[in-house]
Amino acid sequence: MDTTQLLKGVLDLAVLAVLTEEDGYGYDVVRRLRAAGLEDVADASVYGTLRRLYAAGSLSSYVVPSDEGPHRKYYGINDNGRAALDEQTATWTHFADTMQALLKRRLPAATLRTTEVQA
Amino acid sequence: MSTPTTRPGNGAARAGVHDDVPSYVAAVRARLDDLSPEEVEELTGGLEADLAEALAGFDETPQERFGDPVAYADELRAAADLPPRRERPPAGLGSALAETRQNLVDSMDEGLEALRRHPWFVPVRDFLVVLRPAWGGLRAWVAVAVLRGMVAGDSSLLGGSAARLLLLLAVVGSVTIGRRSPLPDGGPRAALLVGNVLAVMALPLVVDHVSASGSPFVDSGVQQGLWLNGVEISNILPYDAQGRQLTGVQLFDGHGRPITVNEWWDSEPRGPANVFPRPGADPDSLTQPDVPALQPTAEPTGSVAPSETPASAATATPSTAPTASASAPAPGVTPTGAPTATPTP
């Protein structure tokens, strides 16, 4: 399955979750998402998502000047963002449970077919 | 934008690669130049630092790592939920036109979106989709009617069976186009849109014309013959002022053009067509009117004279009647009784 399509639906949630740990700048967020296992995440998608969450009022932002290069733009989650995260977490958990239950019903058959192919 | 063709070695690589970052970011920003400066800054603020860090330790150019900056900018924009790029056309008349067109398309999209929210949208749309072939036929009919109107001077070109064939071909073509939707974007689709708009605008005119003059698909483009209040005139029976029927009367209109009628009962031409009554007509089929005489048939002089002479005489003899009439009996005429009756008013 194409995980980029799945990612599109949960990127907001993932970015908010990552930022609850600690404020971060664009590439920092990308790196943390990848470290968490979302390897396919695209840089530009994350940067765009950060901007959108900021425009929606879920994030605050501040610029940190750098001596040796261009400045960094940090994002941090605010109360709005935490409320959004809670709500989306509930939605996601319900959705994931539903999918899990649905897939479990035909799991034995699927495993059986796989073993047949291998044999 | 610079894309180095030679890749520097490991030691120099980082510096060389990082030199490409500003130009890459500039290309991304250029692609976003239809957005407000604030939006561009929100989207690309800190992008140099992010890209530089992402590239650190990799022997890759930004292009190789992140792909085409145009695609990168589009992805950035889409993820940020900003509208797709609105092409900024070159300045001048063209740009004004393009902007007007874009605004038109946008407002049509918005209008359609608003319509979609109505509960009756789907049933109405489905109904209209069913009617699409009918619209295709109507559109063709309008197009042919307009075409015929334009070449009305040479009606033989589109007269009779040729017109029917043309109409048939137009209907088949138009309905086929309607069924083959959606057309590819661009030229064909725009042409169809323009055609539809023109057809909608021309439809009332054509219907008006048709209801005023009957079907436009009679054998010639223009309505032939002489008509009175929607009824065709097949003959004219002229009478003179005394109520006597005339024959061999030549009729012309105000522009000196002969007035003729359709002689559907008689295909043989008999003399000039503007001579009435038409000679070929069956006399029994004619209804002779009871024509009143506008002027009496008798010689006019005798009857007119008496009314004039007393009048002139009366002016000479008004209120002073007794003495004047007695003293002036001379002028030959004898108005004795008349003057007393006339001058009273």
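**Two chains in contact**

Tutor: Asp81(B) is partly exposed, because 13 other C-beta atoms lie within 10 Å. A residue counts as buried if 20 or more other C-beta atoms lie within 10 Å of its own, as exposed if 12 or fewer do, and as partly exposed in between, with C-beta atoms placed from the backbone. The model is predicted: local features need pLDDT of at least 70, side-chain atom pairs count only at pLDDT 80 or more, and totals for chains, interfaces and linings use all residues. Residues are numbered from 1 along each chain as its sequence is written, while chains are lettered from A and ligands numbered from 1 in the order in which they are written.

Student: Where does Asp81(B) lie?

Tutor: Asp81(B) is in the loop between helix 5 and helix 6 (93-116) of chain B. Helices (H or I, at least four residues) and strands (E, at least two) are DSSP runs, numbered from the N terminus. The phi of Asp81(B) is near 70 degrees, a positive value in a residue other than glycine.

Student: How many helices and strands are there in chain B?

Tutor: Chain B has 13 helices and four strands. Of its 345 residues, 15% count as buried.

Student: Which residues of helix 3 of chain B are buried?

Tutor: In helix 3 (residues 47-55) of chain B, the buried residues are Leu47(B), Ala49(B), Asp50(B), Leu51(B), Ala52(B) and Leu55(B). Just after this helix, Gly57(B) takes a positive phi of about 90 degrees.

Student: At what angle do helix 3 of chain A and helix 5 of chain B cross?

Tutor: The axes of helix 3 (residues 43-55) of chain A and helix 5 of chain B cross at roughly 35 degrees and come within 7 Å. Axes are lines fitted to C-alpha atoms, for helices over the stretch in contact, and angles run from 0 to 180 degrees between N-to-C directions. The residues making this contact include Tyr47(A) and Arg52(A) of helix 3 of chain A, and Tyr72(B) and Leu76(B) of helix 5 of chain B.

Student: Which residues touch the most other members of the largest nonpolar core?

Tutor: They are Val15(A), Val46(A), Leu50(A) and Leu76(B), in a core of 40 residues. A nonpolar core is a set of buried Ala, Val, Leu, Ile, Met, Phe, Trp, Tyr and Cys residues joined through C-beta atoms within 7 Å. The largest share of this core, six residues, comes from helix 1 of chain A.

Student: Changing topic, which residues does a cis peptide bond join?

Tutor: The cis peptide bond joins Phe276(B) and Pro277(B), with omega about -5 degrees. Pro277(B) lies in the loop between strand 4 (275-276) and helix 11 (300-316) of chain B.

Terms used. Two residues are in contact if their C-beta atoms, placed from the backbone, lie within 7 Å.
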